[in-house]
Amino acid sequence: LVSREAREENTVVRVGHVAIGGSQLAVIAGPCAVESREQLLAAAHMVQQAGAAILRGGAFKPRTSPYSFQGLGEKGLKLLAEAARQTGLATVTEVVDEHSLELAVEYVDMLQVGARNMQNFRLLQMVGRSGKPVLLKRGLSATVEEWLMAAEYIMSEGNGQIVLCERGIRTFEHSTRNTLDLSAVPLVKSLSHLPVIVDPSHATGDRRLVGPMARAAVAAGADGLLIEVHPEPTQALCDGPQSLTPAQFVSLMEELRAVAAAV
Ligand code: PEP
Ligand code: MN
């Protein structure tokens with residue numbers, strides 16, 4: 001179902017009033033995690049003014065350590081809904097199981113399946129039955145074929161509103177958090193009709209590399225970007241080193257408009 005043979009024309013995924021996979025570059029931006037009302041609303045107004053279309057923020061965080069901040073849960077979802085009301089932005093948040101999914105569908109416009117759950121087949125089937133558009137991240141060590149088969153799990157439940165997100169894969173190279181596989185963008189777009197976006201934040205783990213990789217992703221034909229931004233990255237409870245400052249995000253958005261106009 002996800003292959004080009006099954007459908008010739010590109011799929012456009014609708015998230016609230018936002019289209020992903022159409023002629024406009026769609027930028028998803030916001031903090032790694034929803035931390036507080038003050039933090040989220042500041043981030044939301046900032047990314048909206050800079051021209052982002054969708055606000056992100058994790059309420060259920062799949063952290064490597066059980067002692068790290070795990071997210072605000074339903075309280076975080078309520079804050080995302082409040083930020084959406086204030087700014088008009090659409091919203092996306094990660095779901096990790098049945099409980100978080102049941103809550104998230106009440107509050108956000110799009111569900112994210114994270115890299116660590118890309119082959120959680122029961123979760124894929126549940127988001128496939130949710131009726132919400134899905135942001136499906138590539139697994140930490142997933143091949144393109146495994147990634148597309150994960151999308152097939154969602155689509156075979158009747159949900160074709162899927163955006164694929166390249167977020168870097170594990171390699172021997174440890175000087176960046178992951179290795180961004182930019183070639184996956186044109187490759188997957190040739191194999192599938194689904195939109196493909198790039199997350200340079202988790203791919204690199206380093207805010208200095210986010211801008212160059214974001215520009216390269218747009219030049220490679222990505223339909224959108226997912227970028228972590230925090231009002232005060234040094235205070236972030238999660239992924240501070242890769243989060244852009246508001247000023248960096250504003251200038252990146254300007255650069256991206258220039259690259260998008262050229263491709
Ligand atoms: C995230 O987007 O917050 C996240 C945890 O990303 P990934 O699943 O790609 O690691
Ligand atoms: Mn993060």
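The legends below describe close-up views of a predicted model. Residues are numbered from 1 along each chain as its sequence is written, while chains are lettered from A and ligands numbered from 1 in the order in which they are written. In this predicted model, local features need pLDDT of at least 70 and side-chain atom pairs count only at pLDDT 80 or more, whereas totals for chains, interfaces and linings use all residues.

**View 1. Surroundings of ligand 1.** The shell consists of Cys32, Gly58, Glu94, Gly114, Ala115, Arg116, Lys137, Arg167 and His202, where a residue is near if its C-beta atom, placed from the backbone, lies within 6 Å. Four of these residues are charged, three polar and two nonpolar; Asp, Glu, Lys and Arg count as charged, Ala, Val, Leu, Ile, Met, Phe, Trp, Tyr, Cys and Pro as nonpolar, and the others, Gly among them, as polar.

**View 2. Strand β10 and the strands paired with it.** Strands (E, at least two residues) and helices (H or I, at least four) are DSSP runs, numbered from the N terminus. All five residues of β10 (residues 224-228) are buried, so the strand is largely enclosed by the rest of the structure; buried denotes 20 or more other C-beta atoms within 10 Å of a residue's own, with C-beta atoms placed from the backbone. Gly224, Leu226 and Glu228 lie on one side, Leu225 and Ile227 on the other. Strand β3 (residues 26-30) runs parallel to β10 through five bridges, with Ala29 partnering Ile227. Two bridges join β9 (residues 196-198) to β10, also in parallel, and Ile197 stands opposite Gly224. Pairing requires at least two DSSP bridges.

**View 3. Buried residues of helix α6.** In α6 (residues 184-191), Ala184, Val185, Val188 and Lys189 are buried. Seen down the axis, they fall within an arc of 125 degrees, so they line one face of the helix; the arc is that of the directions from the helix axis to the C-beta atoms. Their cover includes α5 (144-155), β8 (162-166), β9 and α8 (207-219), contact being C-beta atoms, placed from the backbone, within 7 Å.

Definitions and conventions:
Buried ≥ 20, exposed ≤ 12 C-beta atoms within 10 Å, placed from the backbone. Contact = placed C-beta atoms within 7 Å.
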